[in-house]
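Subject: Structure handover

Hello,

Please find the structure below, with my notes after it. Have a look through it first, then read on.

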Amino acid sequence: MRYHAVESFDEAVRISASATGITRFLAGGTDVLVQLRAGSIQPDDIIDIKHVPGVKDITRRADGGWDIGAAVSGIELGAHAELCRDWPGVVEGMRLVGSTQVQGRATLTGNLCNGSPAADSVPGLMAAGATVSVTGPDGARVVAVADIPKSPGKTNLKPGEVITRVHLPPRGENGGDCYLRFIPRTEMDIAVVGCAVSLRVSGDMITEATVALGAVAPTVVLVPAAGAALVGSALDDAALEALVTAARAACRPISDRRGTVEFRIEVAGVLARRAASIAYARAKGETA
Amino acid sequence: MSRIHITTTVNGETAEFLTEPRETLLDVLRNQLGLTGSKEGCGTGDCGACSVLLDGVLVSSCLVLGVEAQGKTVETIEGMATDGALHPLQRQFIEHAALQCGFCTPGILVAAKALLAQNDNPTETEIRYWLAGNLCRCTGYDKIVRAVQDAAAEMRGAA
Ligand SMILES: Cc1cc2nc3c(=O)[nH]c(=O)nc-3n(C[C@H](O)[C@H](O)[C@H](O)COP(=O)(O)OP(=O)(O)OC[C@H]3O[C@@H](n4cnc5c(N)ncnc54)[C@H](O)[C@@H]3O)c2cc1C
Ligand code: FES
Ligand code: FES
């Protein structure tokens, strides 16, 4: 195994594109090292991106949106008060990842690229309409976070492609988001179900809503019908019922030791309802 | 396999070592630098027995490659007592009998010290969440929490 501490993403792409064996980019390493130690992957080349200038930066763009470097850790994300005010749901998803020790290293980009259907930060990113900048042998492109996951452990990134930054849109007026997950204990476990909701209100009425579910399908999924169930309502009982029905209808879960198919479908509805209520209160400025 | 020369600062002193890229920082600390206070409980980030500070940030050293330590500062349990005098956390752990087999203790002490550096008066809830990644199979945690609280009080000068 060779270790490369690259100084630019171009260099990362060059090494990755010319590699003949197995390559892994290294951000926080909290997935890569576990897989390495377990022997489930035996990389020939490890490309550490943490020395590329700017990878630890969190910047507000002129349009009010955010650019987040590929190596920003959970702790660094949570310490950014302005970002937390704009996108509390995105931040709380990332902050649920692992322990204090894991938070010191784990990144949004790594969580996304590891490709777990239960990745805690991904539903919040999808609901927010986040995109990522990707650089590869064929040049650069911007891709929706929702288009990155392919199947468990796999992404739609092409060979040699590396994510350089995560982009959040401007939060704008009267918006709110939230992420909730169910785990059997209070800390340090993998989501049995996760749900993120991002919405906007005008007065009491919801004008936009996006819902994403985790751990109930081979990838984290957007559920357009669940968002549509909320739009035009003031989060009344009928809208919540329609939301719950749409969220449950989108579930294609598996049964495992964490939860059965039936349990996951049930909980998806419960979490969708709760996350929508919290996002709604945040959008109306009633809670932080 | 080619070994890489790394220069780092461990507990305030320059340390150099040769490492294979796949070796973890924990392997290097224990096997090359003779710092066996950091323990390997799991090797997969779950137990916290290998906790160290890397450039001031609490991490599991089993999830850091040795090569990543180049140019960085590492603080381990061996740097906690100064000139033979135990740190208040160490004394309170003894005082409260907050350890039995002791395997988790170095990691918990390092993690607790990192907590007190940023919060000099943590609540029980804050302590339990902060230490959620430090597993202890013996004590049941209560004595650990009380030891941390009393050390915090002592360090605030309130004891
Ligand atoms: C004890 C423990 C608890 C955990 N708990 C949770 C949890 O509660 N919820 C959860 O969702 N996850 C959890 N995880 C998994 C892991 O911590 C997260 O997935 C984390 O966000 C991964 O980020 P990283 O920066 O460490 O990724 P890395 O391990 O560095 O990388 C992960 C993957 O992404 C690729 N990659 C990294 N950077 C890039 C890039 N810039 N471009 C393209 N590909 C890239 C890597 O090659 C690798 O395949 C846990 C892990 C541990 C060890
Ligand atoms: S040995 Fe590192 S966390 Fe368990
Ligand atoms: S004292 Fe034995 S594991 Fe904690």
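Ligand 1 sits between chains A and B. Please keep in mind that the model is predicted.

Ligand site

There are 36 residues around ligand 1, and those that come nearest are A:Gly28, A:Thr30, A:Asp31, A:Thr107 and A:Asp120. Sorted by class, this shell holds 19 nonpolar, 11 polar and 6 charged residues. Several elements of chain A each supply at least two residues of the shell: strand E2 (23-26), helix H2 (32-38), helix H7 (108-113) and strand E10 (162-168). H7(A) gives the largest share, 4 residues.

The side chain of A:Thr107 has an N or O atom 2.7 Å from an oxygen atom of ligand 1. For A:Arg181, an N or O atom in the side chain is 3.0 Å from a ligand oxygen atom. A:Leu96 takes part through its backbone, where an N or O atom lies 3.5 Å from an oxygen atom of ligand 1. On its own, ligand 1 has 990 Å² of accessible area, and the protein covers 93% of that.

Nonpolar cores

The largest nonpolar core has 32 residues; the members that touch the most others are A:Ile68, A:Leu77, A:Leu83, A:Leu125, A:Val132, A:Val145 and A:Leu168. In chain A, strand E5 (66-69), helix H5 (88-95), H7, helix H8 (122-128), strand E6 (131-136) and E10 each supply at least two residues of this core. The largest share, 4 residues, comes from H8(A).

Take A:Leu77 as one example: beyond its neighbours within four places in sequence, A:Leu77 is in contact with A:Ile58, A:Ile68, A:Val72, A:Leu83, A:Cys84, A:Val91, A:Met94 and A:Leu108. Another core, of 31 residues, lies apart from the largest one and includes A:Val211, A:Ala226, A:Ala268 and A:Ala283.

A buried arginine

Is A:Arg264 buried or exposed? A:Arg264 counts as buried because its relative accessibility is 3%, which is under the 20% cut-off. A:Arg264 belongs to helix H11 (residues 261-283) of chain A. A polar atom of the A:Arg264 side chain lies 2.9 Å from the backbone oxygen of A:Val192. Neighbours within four places in sequence aside, the residues in contact with A:Arg264 include A:Val193, A:Ala215, A:Val216, A:Pro253, A:Asp256 and A:Arg258.

Regards

Terms used
Residues numbered from 1 in each chain as written. Chains lettered and ligands numbered in written order. Predicted model: local features only at pLDDT ≥ 70, side-chain atom pairs only at ≥ 80, totals over all residues. Heavy atoms only, no water. Near = heavy atom within 4 Å. Polar contact = N/O pair within 3.5 Å; in protein donor to acceptor, adjacent residues only side chain to side chain. Areas by Shrake-Rupley, 256 points an atom, 1.4 Å probe, with all protein chains shown as cover. Nonpolar A, V, L, I, M, F, W, Y, C, P; charged D, E, K, R; others polar. Core = buried A, V, L, I, M, F, W, Y, C linked by side-chain atoms within 4.5 Å. Buried < 20%, exposed > 50% of the residue type's maximum accessible area, 1.4 Å probe, protein only. Contact = heavy atoms within 4.5 Å.
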